[in-house]
Amino acid sequence: MLIDHSIKELSNLLKKKEISSVDLVKESYSRIEEFDLKLHSFITIKDKTIALKEAEEKDKNIKNNSSIVYGLPFAVKDAYVTKDLRTTAGSKILNDYYSPYNATVVEKIAKAGAILIGKNNMDNWGHGASNENTNYQIPHNPWDMERITGGSSGGSAVAVSTRMVPFAIGEDTGGSIRNPSSMCDISGLKVTYGRVSRYGAIAYASSLDTVGPMAKSVEDLSYLLEIMAGYDDHDSTSSTQKVENYHKYLEKSIKGKVIGLPKEFFGAGLDPEIKKTVLTAIKIFEKLGAKIQEVSLPHFVYGVSIYYLIALSETSSNLGRYDSFRYGDKRELFSNESIRRILLGTYALSAGYADKLYKKAQKLRTILIQEYETALKTCDVLLGPVTPSLPSKIGEMISDPVKNLLEDLYTGTVNLIGAPALAIPAGFSEENLPIGFQVVGKKFGEGELFQFGYLYQQETDWHKKLPPIIQNVKD
Amino acid sequence: MKKVVTKDLIDNLSKLAKINLTKEQEEKYVGEFSAVMGYMEEIKNINVDDVQETSRITKEENVLRKDVVKQSLDQKEALKNSKNTSNGYFLVPAIFKED
């Protein structure tokens with residue numbers, strides 16, 4: 001199984017001509033053909049002959065100085081518009097939509113020489129934390145076929161977890177990269193708001209949406225961010241801050257660094273198995289020389305309400321563009337979940353309620369930012385769980401709107417602040433369900449997060465475990 | 001902020017959001033709306049009078065670009081996803097009624 005190798009190893013093998021891009025693309029397709037009829041991680045898959053032709057081109061033109069992703073197959077969440085593959089955002093409204101342009105992130109990775117092979121399943125418009133809110137087939141968690149993948153970038157997490165692709169691009173508005181990464185045992189990065197261009201990312205909530213990589217290891221993520229990050233004149237919120245050589249952080253020691261544990265992240269509502277696993281992860285950081293300090297972010301307990309009032313207000317506005325005239329089908333095809341979110345957002349913005357709901361949430365957002373900044377005066381990073389619960393059985397969460405909201409308890413607040421956060425596999429429950437934790441950093445401090453994550457992954461092998469369904473794969 | 005969620009409220013919001021709902025949907029949303037709003041009401045007693053609102057979180061300010069024409073979509077590309085076009089225009093329902 002070639003795709004189990006790290007991005008760096010694959011790149012070296014390709015450059016030494018020990019393997020070819022054609023080999024990798026063939027392996028991607030054979031794995032998809034074998035498993036995706038059951039897993040449903042893709043909504044749209046590129047014609048295999050086209051992908052193979054692209055791979056042949058790459059094999060001819062590979063040089064020693066080619067990018068590290070040159071010749072590698074990859075997938076993107078179907079929230080990114082692509083010129084040659086349809087883009088649905090998980091919704092029937094865009095069932096036959098072909099964008100006239102490529103998202104910047106797709107363009108950048110393709111320019112570096114990677115080969116896009118398909119578009120991953122997702123909760124439509126990013127509305128969900130379980131991927132059950134897709135208008136296509138619900139994806140299954142490869143660790144337990146009866147359970148959810150997490151969401152909204154669930155398809156991408158499955159595709160990486162089952163080694164259909166070496167990496168994928170997800171999108172995180174309130175936890176949508178970190179939540180499925182954690183539930184499917186892969187590594188995922190929510191970037192600092194503005195670090196990666198959002199141009200061509202179908203908007204859920206514009207002040208929260210971020211574009212980030214999902215991969216098998218923190219090392220892989222560090223290389224991917226180098227390619228994806230940077231200013232884009234198509235996105236005025238993208239930052240001009242210099243893009244760093246993130247992989248240079250990997251070997252640096254974390255001795256003496258301070259990890260803050262927000263006590264609000266370990267309170268009521270947290271599954272005891274997740275709590276135990278995260279606390280075990282902390283011991284490893286202590287062993288690596290980090291200091292642990294309890295901190296308090298008192299208003300974080302209101303994080304879900306603040307997050308939803310802002311996200312739903314923004315989504316009711318963003319989804320107003322689907323008028324069925326210029327593109328897409330009629331608005332009645334929005335799913336129940338999306339209609340509820342649009343109506344709640346419309347309510348929060350409507351005359352008489354905007355001050356009490358939307359503006360109040362914006363003020364509370366300011367308080368959250370202040371509390372986070374205060375905590376980071378005495379700590380280098382914050383650490384906590386990703387989700388309050390283990391992956392639920394398919395069908396359980398979608399029927400309970402409030403439970404669905406609470407899945408974003410520890411993740412949504414990070415989007416409100418705009419900080420980067422790295423989700424890393426940390427072990428398994430008694431029922432062999434993956435559990436992750438997240439490290440939250442300073443704005444534009446992705447390098448430091450990689451430093452913590454990489455050292456953790458040198459001490460542990462949770463991220464190397466393969467889901468039962470692919471353990472017997474031979475090729 | 002305590003407000004009973006009624007069918008009229010849902011009906012009005014669906015008009016504002018331009019989504020026609022079935023009777024069953026309306027009933028479903030009355031219940032679900034109450035549950036979610038009930039949860040979000042937790043913020044109502046927090047005093048934030050002296051706090052500034054945050055509407056954006058980038059440090060970028062007044063991001064401008066030169067006013068020059070760049071390559072853009074041609075008409076065919078811009079119209080290709082529309083189901084209803086005529087002579088290079090999008091066709092939309094009439095807003096004004098003819099007398």
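pLDDT is the predictor's confidence in each residue, on a scale from 0 to 100. Helices here are DSSP runs of H or I with at least four residues, numbered from the N terminus. This is a predicted model, in which local features need pLDDT of at least 70 and side-chain atom pairs count only at pLDDT 80 or more, while totals for chains, interfaces and linings use all residues. Residues are numbered from 1 along each chain as its sequence is written, and chains are lettered from A in the order in which they are written.

The model scores ipTM 0.93 and pTM 0.97. Chain B has a mean pLDDT of 89, with 97% of its residues at 70 or more, and its helices with the lowest and highest confidence are listed here.

| Helix of chain B | Residues | Mean pLDDT |
|---|---|---|
| α2, lowest | 23-40 | 90 |
| α1, highest | 7-16 | 95 |

In the loop between α1 and α2 of chain B lies B:Leu21, which is buried (20 or more other C-beta atoms within 10 Å of its own, C-beta atoms being placed from the backbone), because 20 such atoms lie within 10 Å. Leaving aside neighbours within four places in sequence, B:Leu21 is in contact (C-beta atoms within 7 Å) with B:Ser14 and B:Glu26.

Methods:
Helix = DSSP H or I, 4+ residues; strand = E, 2+ residues; numbered from the N terminus. Buried ≥ 20, exposed ≤ 12 C-beta atoms within 10 Å, placed from the backbone. Contact = placed C-beta atoms within 7 Å.
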